[in-house]
Amino acid sequence: MVEAYETDIASILEGDKYGNNIVSLYNPLNYIGAEDTDDATWVRIVMGASEGDMSMFTSLNLQIAMLNAGIDAEIEWQWNGGHVPSEIFGNSLALYVDQMYGEYVEGAATIEKAAAETQTTNGTATEATGTDISSWVNYEDVTSVSFSLADAVAYRTNGASKAIPGFDVIGYGQEDYVFGNTEQDARHWDTYLLEIFQTYADVLSPLFNQG
């Protein structure tokens with residue numbers, strides 16, 4: 001894996017046919033709040049908490065950059081949501097667009113979300129049908145629910161078809177083919193992670209190669 005990283009990073013640093021480092025070129029953080037950028041008025045980021053293709057902190061970094069640029073940026077991590085999470089709790093993209101239009105367009109009508117109604121029954125089920133997570137979630141204090149990093153990783157990778165992208169993600173297929181080429185459809189790109197692999201190889205190697 002480290003050899004693959006080294007090869008990929010060297011290739012990326014060489015630049016594309018125009019001499020551009022494609023990772024830097026396609027990094028949105030280079031453009032949010034920049035002097036020559038016309039920033040969006042509002043942005044809503046919706047991401048599944050069990051998303052397997054990118055780190056959750058990538059979306060958080062984007063929101064922070066947008067907030068620092070004065071953008072009305074909301075982020076929503078949906079519990080048990082996957083690659084394309086469904087809207088929940090009466091939310092929808094159409095509703096949010098209407099709300100933002102009413103807030104930021106002069107003369108537009110203000111749109112209010114319908115008030116929630118108390119649910120007294122769980123459909124037709126006679127007992128709980130969800131996943132029982134009580135064995136690994138600490139909820140003694142409901143105001144400060146917590147779980148271990150190992151359990152969070154197990155949750156995110158349950159049923160996943162690839163390793164958890166805790167720090168890095170490989171550029172797969174149609175989603176960001178700019179990071180691959182005609183012979184190689186996946187590419188490691190995180191230079192900082194490569195430095196960690198190289199510096200702490202003696203510590204990480206046993207962890208990555210257990211049985």
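Buried means under 20% relative accessible area, exposed over 50%, and partly exposed in between, with a 1.4 Å probe and protein chains only. This is a predicted model, in which local features need pLDDT of at least 70, side-chain atom pairs count only at pLDDT 80 or more, and totals for chains, interfaces and linings use all residues. Residues are numbered from 1 along each chain as its sequence is written, and side-chain values use heavy atoms, leaving out hydrogens and water.

**Exercise 1.** Work out how the rings of Tyr5 and Phe197 are arranged.

Step by step:
- Rings of Phe, Tyr and Trp (its six-membered ring) pair if their centres lie within 6.5 Å; planes under 30 degrees apart are stacked, over 60 edge-to-face, and the rest tilted.
- The structure holds 3 aromatic pairs.
- In the pair of Tyr5 and Phe197, the centres are 5.3 Å apart and the planes are at 80°, so this pair is edge-to-face.
- Tyr5 belongs to helix H1 (residues 2-13) and Phe197 to helix H6 (residues 191-199), so the pair links parts 192 residues apart in sequence. Helices (H or I, at least four residues) and strands (E, at least two) are DSSP runs, numbered from the N terminus.
- Phe197 is buried, with a relative accessible area of 8%, and Tyr5 also counts as buried at 3%.

**Exercise 2.** Decide whether strand S1 (residues 42-48) is enclosed or open, and find its partner strand.

Step by step:
- In S1, 5 of the 7 residues are buried, so the strand is largely enclosed by the rest of the structure.
- S1 runs parallel to strand S2 (residues 72-78), joined by 7 bridges; strands pair if DSSP finds at least two bridges between them.
- Val46 stands opposite Glu76 in S2.
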